[in-house]
Amino acid sequence: MTQAVEDPTAAASGNAATDAFKKKDRAHADTSVERANAIYKDVLSSLGDIIHKHQVTYDEYNVLKQWILELGEYGEWPLWLDVFLEHEIEDVNYARHDYEGTKGSIEGPYYVPNAPELPAVTELPMRDKDKAAQALHFKGQVTDLEGNGIAGAHVEIWHADEDGYYSQYAPGIPEWNLRGTIIADDEGRYDIKTLRPAPYMIPHDGPTGWFIESYGGHPWRPAHLHLRVSAPGRREITTQLYFDGGEYVDNDVATATKPELILHPEDAADGSVVVNYNFALDEDRGN
Ligand code: MBD
Ligand code: FE
């Protein structure tokens, strides 16, 4: 099934994520020929082992070929790679240079740089419909590893609405809805009002969804907030936060949860939930 795609989720969000990735300032990797050779050999020999181990048939090979073509046609390469592979890349790279501090997690396909700056005490841009959801009051402090506040740290935040849609990746949502770059105060503190996101189903009506169906899996991620926290001279951290006891926290299709990244919100008198979470940033020692 390779016809053009009308569905707003799979194809539109897939192609939007592909276009966004192409526009990104992709760092040039100065991988040596020796290193490329070593990686290429291991990749192919691992794949060869799998093909032999499972005695993969020509029919299965042709299904794979067709599926890969469709993954490209639907623009879902960023989605599939970020869901199934990015957590391994994140794992390896977080641990470089003995970095400590707040744990990272995957960026995923829906980050947009340069979200409008907002003051330390703020509310994310949202529609009336978003205001009808349960309110989340998220506050805390950006510090160094000794707990000293970092004045003016940047806390970029982005998350889905109650329906599981991200602005700029679904039609009809204001450009910067539920996105912002919060500038922490003189002590590194921030105090953000937003809505509590719901568990998130990744676009599942395209090739990524067929892939999941083929092995009897589910397309769900636990409810999550995406964050990128940075300050001059500090190691920037890209991470996600989840909700204690939430569905799929222990069964994330993207394998991107960590115990350190679970929020424990408390109910407030006005029906909202309140939570404090601090970010500790190590010194920048390069990537
Ligand atoms: C998301 O919102 C997400 O965070 C990931 C990792 C993949 C798809 C959609
Ligand atoms: Fe997400």
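Helix α2 is followed by Q55, which has a positive phi, near 50°. The model described here is predicted. Helix α2 itself covers residues 33–53, a run of 21 residues. From its first C-alpha to its last, α2 reaches 30 Å, close to the 30 Å expected at 1.5 Å a residue.

The rest of this report concerns ligand 1. The residues around ligand 1 are L79, V83, I106, G108, P109, Y110, Y166, Y200, I202, R221, H224 and H226. Sorted by class, this shell has eight nonpolar residues, three polar ones and one charged one.

| Residue | Side-chain atom | Ligand atom | Distance |
|---|---|---|---|
| Y166 | polar atom | oxygen of ligand 1 | 2.8 Å |
| R221 | N or O atom | oxygen of ligand 1 | 2.9 Å |
| H226 | N or O atom | oxygen of ligand 1 | 3.0 Å |

On its own, ligand 1 has 260 Å² of accessible area, and the protein covers 100% of that area. The site of ligand 1 is the largest cavity. Two elements give two or more residues to the shell around ligand 1: α4, spanning residues 77–84, and β9, spanning residues 224–230. Among the shell residues are L79 and V83, as well as H224 and H226.

Methods:
Residues numbered from 1 in each chain as written. Chains lettered and ligands numbered in written order. Predicted model: local features only at pLDDT ≥ 70, side-chain atom pairs only at ≥ 80, totals over all residues. Heavy atoms only, no water. Near = heavy atom within 4 Å. Polar contact = N/O pair within 3.5 Å; in protein donor to acceptor, adjacent residues only side chain to side chain. Areas by Shrake-Rupley, 256 points an atom, 1.4 Å probe, with all protein chains shown as cover. 1 Å grid on protein atoms, 1.4 Å probe; cavity = no way out; pocket = protein on both sides within 12 Å on 5 of 7 lines; lining within 4 Å. Sits in = over half its atoms within 2 Å of the grid points. Helix = DSSP H or I, 4+ residues; strand = E, 2+ residues; numbered from the N terminus. Nonpolar A, V, L, I, M, F, W, Y, C, P; charged D, E, K, R; others polar. Expected span 1.5 Å × (residues − 1).
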